[in-house]
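Colleague: I should like to go through the terms used for this model one by one. Please set each value against its definition.

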Amino acid sequence: MQRLGKNLGGYLGETIDIRTVLRDVEVAARRHGWTPEVFGRQGDFDLLALHRPPSVRNPELGTRIYLSAGIHGDEPAGPLAALRLLQENRWPPEIEFRFCPCLNPLGFVLNRRENADGRDLNRDYRDPQSAECRAHIAWFERQPRFDLYLCLHEDWESHGFYLYEQNPDGRPSLAEKIIRRVREICPIDISEVIEDRPAQGGVIRPNLDPRTRPQWAEALYLIVNKSRQGYTLEAPSDFPLTTRVDALVNGVQTALDGAPIS
């Protein structure tokens, strides 16, 4: 599978009608037992968080997983993957889920990475300046801790799929399992350096010392405050959109299949 060669200096690929996607997200969520909560506003968009309790209750189990998508408005595969995951409804019944399906809807209207004020929301979680991130952090503070988080992204420059693993306690890793599964449907970026960080076989394990990171991504906020293991999945956005959605969906399903059960 070859790159399309469309992304020259930025994402120039397919776009989505985010209003339609989010309408369908809410329909699918309600149909399958998720409860939507509006935790903020962005223009005339509601910022939604979805909650799904476990459908099989076991007093000895209490696993919680958080997912997010759509924090960058030039990464359309994330919200589409969120929609497909909700429509397919293949969630492990013993796990409790919280899902923010689109954190920057106006970014998709504008077809740009940032919000309407030109701020990259995924660099705004340490000392939040945006109303969106302040609202999101306030929502996080009302939630329990998560056993695992999954953030769905794309990279317009990448040669294939890759991921970031944050796992400071050395729990059993899901990274290589995700890479093996995604490789069946999407090329993997096997570069030794990706986004100026060392990588091996499509896996980046970044420095997690918050003192060295003046700008916090959502994932760093999570690992510092809400979880001790998580993965940021990066689909290659110079490939067909359907391939990127497939890669993210398969990455999530692989992670859920191997998720830690507490």
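Colleague: What makes Asn-111 partly exposed?

Modeller: This is a predicted model, in which local features need pLDDT of at least 70, side-chain atom pairs count only at pLDDT 80 or more, and totals for chains, interfaces and linings use all residues. Residues are numbered from 1 along each chain as its sequence is written, and side-chain values use heavy atoms, without hydrogens and water. Buried means under 20% relative accessible area, exposed over 50%, and partly exposed in between (1.4 Å probe, protein chains only). Asn-111 has 34%, and is therefore partly exposed.

Colleague: Why is Glu-195 called partly exposed?

Modeller: Its relative accessible area is 38%, so Glu-195 falls in the intermediate class. Glu-195 also has a positive phi of about 50 degrees although it is not a glycine.

Colleague: How do you know that the length of helix H7 agrees with expectation?

Modeller: Helices are DSSP runs (H or I, at least four residues), numbered from the N terminus. The expected span is 1.5 Å times one less than the number of residues. For the 17 residues of H7 (residues 241-257) this gives 24 Å, and the end C-alpha atoms are 24 Å apart, so the two agree.

Colleague: What makes H7 largely enclosed?

Modeller: Of its 17 residues, 14 are buried, so H7 is largely enclosed by the rest of the structure.

Colleague: How do you know that Cys-100 is in no disulfide?

Modeller: A disulfide is a pair of cysteine sulfur atoms within 2.5 Å, and a search of the whole structure finds zero. The nearest cysteine sulfur to that of Cys-100 belongs to Cys-151, 9.6 Å away. Cys-100 is buried, because its relative accessible area is 0%.

Key:
Helices (H or I, at least four residues) and strands (E, at least two) are DSSP runs, numbered from the N terminus.
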